[in-house]
Amino acid sequence: MKYIIFLFGVLFFAPTSFAQEAVGYQSVVDSLYREDQFYLGITYNLLSNKPAKVSQNSFSSGIHMGVIRDMPINKNRNKAIGVGLGLSFNSYNQDLLISESNGVTTFSVLDEDETSYSKNKFYTYIVEMPIQYRWRTSTPTEYSFWRIYTGFKMGYVFANGTKYLGDPEDIKLTNSDAFTKLQYGLTLSAGYNTWNFYLYYGLNTMFDNQTIDSKSLDMSSIKVGLMFYIL
């Protein structure tokens, strides 16, 4: 954990190149500018490959933040590779009950006609590393521009939990081994200036070798929302 914090700090405080810098009363154009950026995202989290009887309810949200190092790859510097480090919190409200008995994790679908409950969710905390191919219409003097960033994101689930509030008793689990530690997927950001549409499509399952009703539980995550980039 200390190593992760150290890496985040290096990227966070790494020197960035600005498009312009003031010299006296004159402005000097930096032809070797970079789009080093902080990012903040808000998403609505969906579950794909759900078992037939599983459904989501209420609002499942995600918050994502971090910093990306920009490395231009052409003379005009409107194409680049971005590598970053960040943190992500994700919550999923649904009717899949996760419980443990004698160290064994079990999954079952809640039936509202048979069971009364007010909340059922699971959540994850993730250290993530986005890798992007970046195209934009920026110039050394233009700070509002169109962008399309496509890429790949790897994440390590360093904490997780579940919360069920209902009959016959509340159930809360912390750091269950049922969750897949390494999660990864494809990403897309597109938009103008600060406001950008964001999509994450998970490529692997959220749970590690788990079953429900003797069938493999292959749920993955899809995140749709807004991503804000800040110089």
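Modeller: Start with Glu-35, found in the loop between β2 (26-29) and β3 (37-48). This is a predicted model: local features need pLDDT of at least 70, side-chain atom pairs count only at pLDDT 80 or more, and totals for chains, interfaces and linings use all residues. Residues are numbered from 1 along each chain as its sequence is written, and side-chain values use heavy atoms, with hydrogens and water left out.

Biologist: What makes you say that Glu-35 has no salt bridge?

Modeller: A salt bridge needs a side-chain nitrogen of Lys or Arg within 4 Å of a carboxyl oxygen of Asp or Glu. For Glu-35, the nearest side chain of opposite charge is Arg-136, 5.5 Å away. Lys and Arg count as positive, Asp and Glu as negative; His and the chain ends are not counted. So Glu-35 is buried yet has no salt bridge.

Biologist: Which residues does Glu-35 touch?

Modeller: Asp-70, Arg-134, Arg-136, Ser-138, Phe-145 and Leu-231, not counting residues up to four places away in sequence. Contact means heavy atoms within 4.5 Å.

Biologist: Why is the pair Asp-70 and Arg-134 called a salt bridge?

Modeller: The closest N and O atoms of Asp-70 and Arg-134 are 2.8 Å apart. That is within the 4 Å limit, so the pair counts. The pair links distant parts of the chain: Asp-70 in strand β4, Arg-134 in strand β8, 64 residues apart. Strands (E, at least two residues) and helices (H or I, at least four) are DSSP runs, numbered from the N terminus.

Biologist: Why are Asp-70 and Arg-134 called buried?

Modeller: Buried means under 20% relative accessible area, exposed over 50%, partly exposed in between (1.4 Å probe, protein chains only). Asp-70 has 0%. Arg-134 also has a value of 0%. So both count as buried.

Biologist: Which residue forms a salt bridge with Arg-136?

Modeller: Asp-70, with the closest N and O atoms 2.9 Å apart. Arg-136 lies in strand β8 and Asp-70 in strand β4, so the pair ties together parts 66 residues apart in sequence. Asp-70, Arg-134 and Arg-136 are linked in a network of salt bridges.

Biologist: How many salt bridges does the structure hold?

Modeller: It holds 3. One of them joins Glu-128 and Lys-153 (3.5 Å, N to O). This pair links Glu-128 in strand β8 with Lys-153 in strand β9, 25 residues apart. Glu-128 counts as buried because its relative accessibility is 3%. Lys-153 is buried too, with 7%.

Biologist: What makes a space a cavity or a pocket?

Modeller: On a 1 Å grid over the protein atoms alone, a cavity is a set of points where a 1.4 Å probe fits but cannot get out. A pocket is an open set with protein on both sides within 12 Å along at least five of seven lines. Lining residues have an atom within 4 Å of a point. The structure holds 3 cavities of 30 Å³ or more.

Biologist: What is the volume of the largest cavity?

Modeller: About 130 Å³. Of the 15 residues that line the largest cavity, the closest to its centre are Ile-126, Lys-153, Gln-183, Tyr-200 and Lys-223. A volume is the space filled by probe spheres set on the points, and grid points are joined across faces, edges and corners.

Biologist: Which residues line the second largest cavity?

Modeller: Among them are Tyr-39, Ile-68, Lys-153 and Tyr-229. This second largest cavity holds about 60 Å³.
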